[in-house]
Every structure is written in C-alpha cells, then in structure tokens.
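Subject: Structure handover

Hi,

Here is the structure we talked about. Please open it alongside this message. My notes follow below it.

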Amino acid sequence: MRKQILPVAACLLPALAAAQQRYNIVYIMTDDHTAQMLSAYDTRNVKTPNLDRIAADGVKFTRSFVANSLSGPSRACMLTGKHSHKNGFTNNEHGIFDGSQQTMPKLLQKAGYQTSIIGKWHLHSTPTGFDHWDVLPGQGDYYNPDFINEKGRYRVQGYLTNIVTDKAIKWLDEQRDKSKPFALFVHHKACHRNWLPELKYLHEYEDTTFPLPANFYDNYEGRQAAGATTMEVGKDLILDYDCKIYDPNRTRRINQGYMNMIGRLDSKDRAVYDFFHDSLTVDFYRQNLSGRALTEYKFQRYMRDYAKVLKSLDDNVGRLLDHLKEQGLLDNTLVVYTSDQGFYMGEHGWFDKRFMYEESFSTPLLMRLPKGFKTRGDINQMVQNIDYAPTFLELAGTPIPPDIQGVSLLPLLKGEKPKKWRKSLYYHFYEYPAEHSVKRHYGVRTERYKLIHFYNDIDSWELYDLKEDPQEMNNLYGKPGTERLTRNLKKELLRLQEQYDDSIRFRRQ
Ligand SMILES: [Ca+2]
C-alpha cells in the first residue's frame with residue numbers, strides 16, 4: 001500500500017494543536033495571607049475585589065489546609081507534593097531544600113512545560129526545575145529590593161509587590177518560548193511581617209478601627225502549648241520594628257533590622273515615610289498608653305499595616321489577571337491563588353502562624369478554571385497544599401509518580417463528587433526551639449474534630465469539636481465522655497502516620 005504523503009504544514013498541525021490545547025498554570029502564592037483578610041472568605045475586615053474576582057469567576061476551597069504552617073516547609077510541600085519528613089525541609093532555621101530531589105516543576109519540564117518562578121523562594125538552595133528564575137534573597141525587602149538570578153544579585157527600584165508583577169508580565173510577554181505551555185509561579189513577599197506599605201497607601205485604613213476577635217484576650221486555660229508562646233500582639237509585637245513607632249527625636253536606639261529596611265528608600269521617599277510615621281509617633285506618645293489600651297493600639301497598627309500591604313497585593317493580582325485576559329491567555333490557563341499558610345489576626349491574642357489551630361492550619365485557595373471546566377462556587381472537600389503538585393501534573397497530562405503523597409484536585413475541578421475523598425488530614429510542625437516558641441506538634445483533623453499532640457519538651461494532647469467550638473478554646477482531651485472519640489482519632493492519627501511513613505509517631509497506650 002502506498003504511504004500517504006501529507007503536506008508539511010498538515011504534519012505540523014497536530015503537534016501545534018496539541019501544544020495549544022495544553023493548559024497553562026499561573027500560580028500566585030502570597031506569604032502569610034489569611035482568609036480573615038480576604039473578602040471572598042470573610043467580609044469583616046477588608047475588601048479584596050481583585051482576589052474576589054478569582055472566586056467569583058471560578059472556585060473557592062472552603063476547607064483548604066497546609067501540611068506544616070511555616071514558609072520554607074510549606075513551599076517545599078507544595079513543590080514536592082510530599083509532607084515535610086519526606087521532602088526533608090522540616091523547618092526554616094536548619095533547613096536547606098535538597099534541590100536534587102523530584103519536584104513538580106521538574107516533572108512539568110519533562111512534560112514539555114516551560115517553568116518560571118519570580119519572587120520569594122526561601123528554600124536557601126538554588127532553585128532547580130525552573131527554566132527561568134528571579135527570586136528574593138531570604139525574606140526579601142519591600143522597598144527597593146534585591147533579587148537573585150543566574151547572573152547574580154542586583155537591586156531594583158520600587159515597591160516589591162509591583163516589581164514581582166512587572167517581572168511576571170515581562171516573562172509572559174517577552175521572555176518565554178510561546179510555542180510551549182507554561183507554568184508561572186508568582187511568589188509574593190506580601191503580606192509578611194513587618195508589613196511595610198507602598199508609600200501611596202500610607203494613609204489607607206487610618207480611619208478604620210478593626211474589630212477585636214472574640215478570643216483576643218484568651219487566657220490559654222487548658223492549653224499548655226498555647227500559653228507558652230511569644231507571639232502575642234500585646235507582649236511580642238515590637239513597637240518600632242512592627243508598629244513603626246519610634247522617638248521622633250531619634251534619641252532612643254531603634255531596631256537595626258527595621259532601620260536597614262527603611263534605609264533602602266531613597267531620600268525623597270524616606271522623607272514621605274518619616275513624615276507620616278513621625279506624626280504617628282507624636283500622637284502615640286501624647287496618648288501615654290498602657291495595659292489593654294496599649295495592646296489594642298498595637299492591634300490597630302498591626303491590622304492597618306497588614307491591610308495596606310494587602311491593598312497593593314490585591315491591585316497587582318488584578319493587574320496580572322487583566323494582562324492574562326488582554327493577551328488571550330485566560331481561557332487556556334488555570335489561575336491559582338493561595339498563601340503559604342494562614343495567620344492570626346488577633347485570634348487567641350496572636351499574630352504569626354505555626355499552630356495546627358484553624359487560622360494558621362488553613363490557607364486561602366481560589367482557582368480560576370480554564371474554558372471547559374464548568375465548576376463554580378464553593379468546593380467543600382478537605383484539601384491540602386501537598387495536593388497542588390499532583391493537580392498540576394494531571395492537568396498537564398503527565399503521570400503522577402506514586403511517591404507523591406497529595407491527591408489531584410482535578411476531579412473536584414471537573415465537578416465530580418469522588419466517593420472516596422479523604423476523611424482526614426495530617427499535620428506536623430517541627431520548628432522548636434525557635435522564634436515564637438511554638439512547641440513541636442502533629443495532629444489529625446477530620447470534618448468535625450481535631451486531635452493534636454505537642455511533644456519534644458512537653459507531652460500534651462488537645463482535642464476540639466470544631467462544630468461546637470470553632471475557635472478551639474475548649475480542650476476536651478481527657479474529659480469524661482470523650483474516651484471513644486479520642487481512641488478513634490488516635491487510631492486515625494496513627495493510620496496517617498503509617499500511610500505517610502512519618503517515623504515520629506506516638507506510641508499507642
Ligand atoms: Ca509564610
């Protein structure tokens with residue numbers, strides 16, 4: 001039989017068509033952005049209209065969690081689809097991410113994707129698995145930040161959140177190979193401590209008085225680990241470093257780290273910054289605050305600065321969405337918005353994260369789906385950041401390696417109702433002794449209950465009924481009537497520790 005000879009153009013067409021049909025991924029991850037400060041989740045504090053657009057046009061995960069509520073470890077879980085003990089990056093203080101291991105960006109590259117990461121990295125080793133990387137050294141700076149790429153370290157003038165978005169847009173427009181599908185990771189420093197706002201937003205929210213959470217004056221009764229921390233708004237937020245209050249005459253020693261950060265501003269911008277904060281400081285000393293009045297003053301400063309930083313972030317997410325639309329990319333792209341974990345906005349009297357309590361165990365997760373995915377609204381199944389890697393791999397049409405511990409969310413995005421969806425989540429936090437003194441702990445969360453074991457230099461269990469006690473104030477562990485529930489949760493915890501092959505386990509008594 002004679003072979004049919006196709007014209008050259010026709011031979012190329014299927015390949016071209018296949019490339020065009022493959023979905024792109026734009027993954028936007030912020031730092032310490034919590035659902036209480038995202039109006040698609042919670043309307044009490046701020047409006048985030050651009051983030052809300054992602055939810056309105058797509059889906060909002062209402063039970064979205066991390067595996068380890070801390071920057072580097074959380075990022076490592078996301079990149080590998082594995083819990084901390086498997087990817088090896090358990091804590092920020094002693095961890096260096098082993099970039100030679102299997103990661104989702106590397107697997108996407110193998111599948112023909114072009115990969116790029118811009119912004120915060122915080123895994124200490126050089127990024128691997130990215131065709132293009134342009135990242136912050138360590139935590140990075142809000143003002144006139146330094147970046148590191150393959151050529152070395154350099155400084156960029158401007159406000160970090162704007163610069164990260166500029167770089168993402170530039171990569172999309174000018175630097176990528178447009179014949180390939182892409183995965184772009186846009187990692188913001190916003191809204192990380194110490195919340196330095198874009199100068200144009202210095203005055204935003206200054207007339208807003210944010211409501212105190214109901215458990216702001218928590219006394220930590222029955223919760224030994226919660227009472228041992230150093231992350232209280234009243235005691236532990238630092239007046240100059242965090243609240244930007246300092247003696248206008250500069251006669252007192254000011255935190256050097258803070259001075260270095262604002263010292264990056266050029267003299268004109270520095271004058272604008274100082275003018276605002278000097279007047280704030282004069283007003284602060286005039287009030288002569290103490291006790292609860294001082295604590296609540298710090299709370300308002302914290303909330304306002306966080307909200308200001310968030311405003312620039314929301315603007316920039318809107319700018320990136322608009323750009324994707326203008327370039328005709330939205331129909332073929334999964335846009336993901338998440339944070340590396342949640343955060344306390346005064347709940348339990350705290351700022352920061354780390355605990356397996358809901359505010360910091362949770363993380364916002366919004367997705368705008370490519371054309372053809374009809375699912376909209378809330379997705380209520382329990383999901384975790386180890387699920388992102390398998391989701392992206394399945395979306396890219398490439399196999400999910402069996403050692404990945406997360407589960408692809410694609411069936412949920414397709415509107416399927418999987419009968420065997422997970423019924424419980426595993427969590428493990430390691431960074432202790434360390435800043436904020438949150439004890440090591442692991443735990444299990446089911447739809448309704450949570451069991452946590454704090455260990456290392458403590459042996460303390462906590463049990464919560466999330467339906468009756470969503471703020472986790474009433475530790476039920478050891479209370480009469482909870483014996484069977486506790487037994488079942490311990491069994492489930494052990495099952496998860498075995499399933500995920502975590503060698504640090506409790507011994508069943
Ligand atoms: Ca973080």
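Start with the calcium ion. Its donor residues follow the spacing D-D-x307-D-Q in sequence. The protein donors are Asp31 (OD), Asp32 (OD), Asp340 (OD), Asp340 (OD) and Gln341 (OE1). They lie 2.2 to 2.6 Å from the ion. The site links distant parts of the chain: Asp31 and Asp340 are 309 residues apart. Asp31 sits in the loop between strand 1 and helix 2. Asp340 sits in the loop between strand 9 and helix 11 (358–361). Both Asp31 and Asp340 are buried.

A word on confidence. This is a predicted model. Mean pLDDT for the chain is 94, and 95% of the residues reach 70 or more. Residues 1–19 are another matter: pLDDT there is below 50. Beyond near neighbours in sequence, that stretch has 2 contacts in the model. Where pLDDT is low, the predicted coordinates should not be read in detail.

Next, the nonpolar cores. The largest has 71 residues. Tyr143, Tyr273, Tyr302, Tyr306 and Tyr337 touch the most other members. Elements giving two or more residues to this core include strand 1 (24–30), helix 2 (49–57), helix 9 (267–287) and strand 9 (333–339). Helix 10 supplies the largest share, 13 residues. The core draws at least three residues from each of domain 1 (9–195 + 308–419) and domain 2 (200–301).

Take Tyr143 as a way in. Leaving aside residues up to four places away in sequence, its contacts include Tyr159, Leu196, Pro197, Met261, Ile262 and Tyr273. A second, separate core has 43 residues, among them Ala111, Leu123, Ala183 and Leu393.

Two loop residues to look at:

- Thr103 is in the loop between helix 4 (84–87) and helix 5 (104–110). Its relative accessible area is 2%, so Thr103 counts as buried. Not counting residues up to four places away in sequence, Thr103 touches Leu79, Thr80 and Phe97.
- Leu409 is in the loop between helix 12 (388–395) and helix 13 (410–413). Leu409 is buried because its relative accessibility is 0%. Outside four places in sequence, Leu409 touches Phe61, Leu365, Met367, Val383, Asp387, Thr391 and Trp421.

Best wishes

Notes. Residues are numbered from 1 along each chain as its sequence is written. This is a predicted model: local features need pLDDT of at least 70, side-chain atom pairs count only at pLDDT 80 or more; totals for chains, interfaces and linings use all residues. Side-chain values use heavy atoms; hydrogens and water are left out. A nonpolar core is a set of buried Ala, Val, Leu, Ile, Met, Phe, Trp, Tyr and Cys residues joined through side-chain atoms within 4.5 Å. Buried means under 20% relative accessible area, exposed over 50%, partly exposed in between (1.4 Å probe, protein chains only). Helices (H or I, at least four residues) and strands (E, at least two) are DSSP runs, numbered from the N terminus. Domain bounds come from an automatic or database domain assignment. Contact means heavy atoms within 4.5 Å. Donors are N, O and S atoms within 2.8 Å of the metal (3.2 Å for Na, K and Ca); water is not among the atoms, so sites may look incomplete. pLDDT is the predictor's confidence in each residue, from 0 to 100.
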